[in-house]
Every structure is written in structure tokens, then in C-alpha cells.
There are 2 protein chains.
Amino acid sequence: MTLERIEHRACFGGWQDVYRHRSQVLGCDMAFAVYLPPQAATRKLPVLYWLSGLTCSEQNFITKAGAQRYAAEHGVILVVPDTSPRGDEVANAEGYDLGQGAGFYLNATQAPWSTHYRMYDYVAAELPALVEANFPVTDARAISGHSMGGHGALVVALKNPGRYRSVSAFSPIVAPSQVPWGEKAFTAYLGEDRNAWNPWDATALVATASERLPLLIDQGGADEFLANQLKPELLQAACAAAGHPLTLRVQPGYDHSYYFIQSFIGEHIAHHAAALNA
Amino acid sequence: MTLERIEHRACFGGWQDVYRHRSQVLGCDMAFAVYLPPQAATRKLPVLYWLSGLTCSEQNFITKAGAQRYAAEHGVILVVPDTSPRGDEVANAEGYDLGQGAGFYLNATQAPWSTHYRMYDYVAAELPALVEANFPVTDARAISGHSMGGHGALVVALKNPGRYRSVSAFSPIVAPSQVPWGEKAFTAYLGEDRNAWNPWDATALVATASERLPLLIDQGGADEFLANQLKPELLQAACAAAGHPLTLRVQPGYDHSYYFIQSFIGEHIAHHAAALNA
């Protein structure tokens, strides 16, 4: 598999790079970002995967989150994929919340989406294999994300016991089966049968999780999507019922934006670094 | 003068706001950003003005520089204007380097620019007066900027002895009279007579500066504009000849982007905070 480096910029003593490659599972060209902190020049480092939200590409997090400073401080490599398959040959929809930019980190089963929309396989398997074959990384992995990407991080971690040392999320869609964004996407990608939705819903997954990986979630108290789309209380109730460890912090005044993420990403990276270096 | 708050987002315990107002000197509506760190809730704070580069608005720095963390740490208010007058009634040009988004922080004397392009008066006088009348600020001011905005910061500070406690710049256009970006803009805004350019050229201004305010400049060593547009050696020679204090740091590997700015903005804010709180 050929990796083409399309961006290469010095940042906090390391390198903020972007690569393009042909994805086998998605059947299209994909871009992903890698931040290599200064320590990567001399040794292997653990990796934090970041999954972005609706409308984002691999660019939003690397330009707006201010995460590189903390990654350099803790010696953690950041890997940031795009949020869906891309290209003229890839199915799309009118809205911002379905199709390109809105892959929901699942494997679609319904036409026309099932041809390319396999972001779960991409994020959980193809991309890590590619990273582990081409960059100076250890096998210690963590995962985090925002909004749709927070949903993705929780689902990918819960479906792969033992694979991630830690998981966190900002403003995640914790119960996609029960909110408008998720119902629209899951109906299109997975069909009308709601039983097929449970394997892609963190609130459903915690009920049967075989590994009790602690969940760290930060949620803005003034988030404009809190009441209708995010509903962290649904995950909180499911975790309480299952005895699944959850730290849910509601941060008063914060909204859904990258100003919220940049304010707390340092604490998340410190949290992951502690687990990755344990 | 009416200030309308059009953005208000929690960030590092403070608020990242954007305001719109009618500018008297520019004759158009303008937006500017203000970051109020948490300390601003209880006391007056000093202000760091930031001037952005070509193509930028008030948004680029506040979304990409990661500066709010350091402003919160040091208790400094950030004020970030747009880079030119704006609007359908404001003269414009085809290129990215003249007209809207490219005001060069001067007062234009040539038609059609002289009607609205008075960014020097806006940045040096109208905006600080507005800020000082409406926000919890002391009269301690610092100024910094990037590229065209680095030029602006140096020129505004050099033309106003005693007004700024400190000045710094990232990748500034230090000698606009001698490089293509500056020659194009100054010819349009100021006319063909190069004698009229000297009051807007930092390298010319240091020769006659009455105040020896130290200049701090960071310059990326791999900046794609270094050799043709930035030429920091011209300012270095002028400072050496005049005995003007200059700290010019060439940072190997860094380019012209916000990845460079975010890597060193913490050091600049610490530098300004030391002067502002002295």
C-alpha cells in the first residue's frame, strides 16, 4: 500500500503531516493526518486516534484543537482520519448529516451506502494496520473523538475489548438509536430494523461489554445539541445499570465548538498518556 | 458607538467573543475578536493586539493559534481586528494581496483606496479607544502579528513611542518597500513616490525611532516566503546601524503557517505579559 505525504509542517518540535492512500475497505482515496512529536525521531511511541464530527475532514482537529502541544509534551502520536469515504464515485446526500462527511464510523449494509461506507473497518482495522506498518509506533492505542466522532470512539473501543488502553469523548452522540442524527443515519446505512442498530450504539453496547474500560466524557453544559442529539444521561443510566465505569463531566457554559475541545484536550491527552505509558 | 456581540463562546475558563461595529475611520462595518480570560471577570487586564496576515479575517488567529490557553494563564486580553475594511461599497482587487483582506495597516492616499483604507488609524486609534471604553482593560498595551500583520505590529509600535509596552512579530514583512507584496500594495495605496512609503516601512522607521522599544521576531527557517517577501536581514541590518534592540530567532524547519504560530505563541504571550505586568 502506497502512502503519499501531501502535507509536512513543523509543529512544536515535531511534524504535522497529512498522507493520502488508497483504502481497500472503503474503495476510494483517503487522507489522514499524523502528528509526530519530537520524541518520534528517536523511539517508538503510543498512538491516540482522534475521530472528528459531522462535516469534518482530517483537517479540523489538526488546525483547531491545539492538541499538538500536549502530544509533544507527553510523547503521543496523533492519528486523525477523515469522517467518511470521499470522491465522485462515492454515494452522497443533500444534508450535512448523511453521506460524505457523515460516515458514522459503521459498516453500512444498505444500498447505495454499502459499497463504500465501511468506516468502522477502516478506523478499527485498516488504518491502524497501515499506521503500525509505516510509523514509529508501539502497540499501545487510545481513541477519542468529538460528537459523531465521540460516538465512533466509544463504539470502536467497546467493540474491541483489549485493543485500546483508554477511550474518551467530547460531546458524543452516546445513543444514536434514540436521537434524530442517529435515526436518520442508521435508517439509511443500516435499514429500518432497529435490532441492527444496537451493535453501533454505545448505550446499547455497554449493557453487554465484556471489558469494563473506563469511559471519560466531557460535555459542554451550553451545547446547542445537548438536549436533542447528545443526551448523555442515556449512557449514564446504561453505565449505572451495567456497572460500567463512566466519568461524565458537564462543563458549564461550553458549547459544541472547537473552543470547547481546545479547552480540555490537554486533560484528555494527559489521561490517555497515563494509560498508554502505564 | 454601538457594539454588537455576534459570537460568545466559553474557552479556557473565559470567553472568546466577536463584535461588530460601525467604524468611523473606515466608513464600513467591521468585526473584531476579543478573548476575555477568566481574570477579566473580576479585574482590569492589559491588552495584546494581534494583527493577522494577507487573506485573514478576525477568525484565523482565534481558531488556529491556540493562544487563548496562554492568555488565560497570564491574564492578558487578546484583541484581534480584521485585516482591511470590508463590504460591497469598499474598493477591492482581483489578487489576494491587494484590497479586502490586504489592508497593510496604513492610511491610503490614492483613489479608489483612500476612501476606506485607513487601517492604521483604525488599529492605532479607533479600535483601542473602543476597547478601552467598553472592556475591563488597563492602559497597558502590547502588539504582535503575522506576516502582513507582523509588518503592521512593527510599524504601529514604531510610529507610537510610549504607547505599547512590547512588540513582537511572526514572519513579518519587515521591508515592504523592497519586496513584491509591499511594492504592489504601496504603489496602489500610496502612489509611485517611494518617499511616501518610508513612514510605513519598519526597516526605514527604525533608523529614526525616538524610542528603542525592543523588537522580538520569530521567523521560520523553511518559510516559503522568506527569501523573496520577508527578508529579515534587511531589518537586522537597519537595527544594527541604528542601535535598535532586535531579537531575531530563525526557527529551523518551520514554515509560514499557523502550525508555526501555535508552536511559539506561548513564548510571545509570556514575553508580552512580562512587559505588560512590569
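Biologist: How accessible is B:Glu73?

Modeller: B:Glu73 has 49% relative accessibility and counts as partly exposed. That class lies between buried, under 20% relative accessible area, and exposed, over 50%, with a 1.4 Å probe and protein chains only. This is a predicted model, in which local features need pLDDT of at least 70 and side-chain atom pairs count only at pLDDT 80 or more, while totals for chains, interfaces and linings use all residues. Residues are numbered from 1 along each chain as its sequence is written, chains are lettered from A and ligands numbered from 1 in the order in which they are written, and side-chain values use heavy atoms, with hydrogens and water left out.

Biologist: Which side chain meets that of B:Glu73 in a salt bridge?

Modeller: That of B:Arg69, at 3.9 Å from N to O. The term means a side-chain nitrogen of Lys or Arg within 4 Å of a carboxyl oxygen of Asp or Glu. Both residues lie in helix α2 of chain B, 4 residues apart, about one turn of the helix. Helices (H or I, at least four residues) and strands (E, at least two) are DSSP runs, numbered from the N terminus. B:Arg69 is partly exposed as well, with a relative accessible area of 22%.

Biologist: On to the interface. How many salt bridges are there between chain B and chain A?

Modeller: The count is 2. B:Asp255 and A:Arg9 form a salt bridge through their side chains, at 2.9 Å from N to O. A:Glu7, A:Arg9 and B:Asp255 are linked in a network of salt bridges.

Biologist: What area do the two chains bury between them?

Modeller: About 2000 Å², with 49% of it on carbon and sulfur atoms. Buried area is the accessible area (1.4 Å probe) that two parts lose on being put together, summed over both. In terms of contact (heavy atoms within 4.5 Å), 23 residues of chain B touch 23 residues of chain A.

Biologist: How are the copies related?

Modeller: Chain B superposes on chain A by a rotation of 180° with 0.0 Å of shift along its axis, at RMSD 0.0 Å. The two copies are thus related as by a two-fold rotation axis. The superposition is by least squares on the C-alpha atoms of residues with pLDDT of at least 70 in both copies. Of the interface residues of chain B, 100% are also interface residues in chain A, so the copies meet through the same surface.
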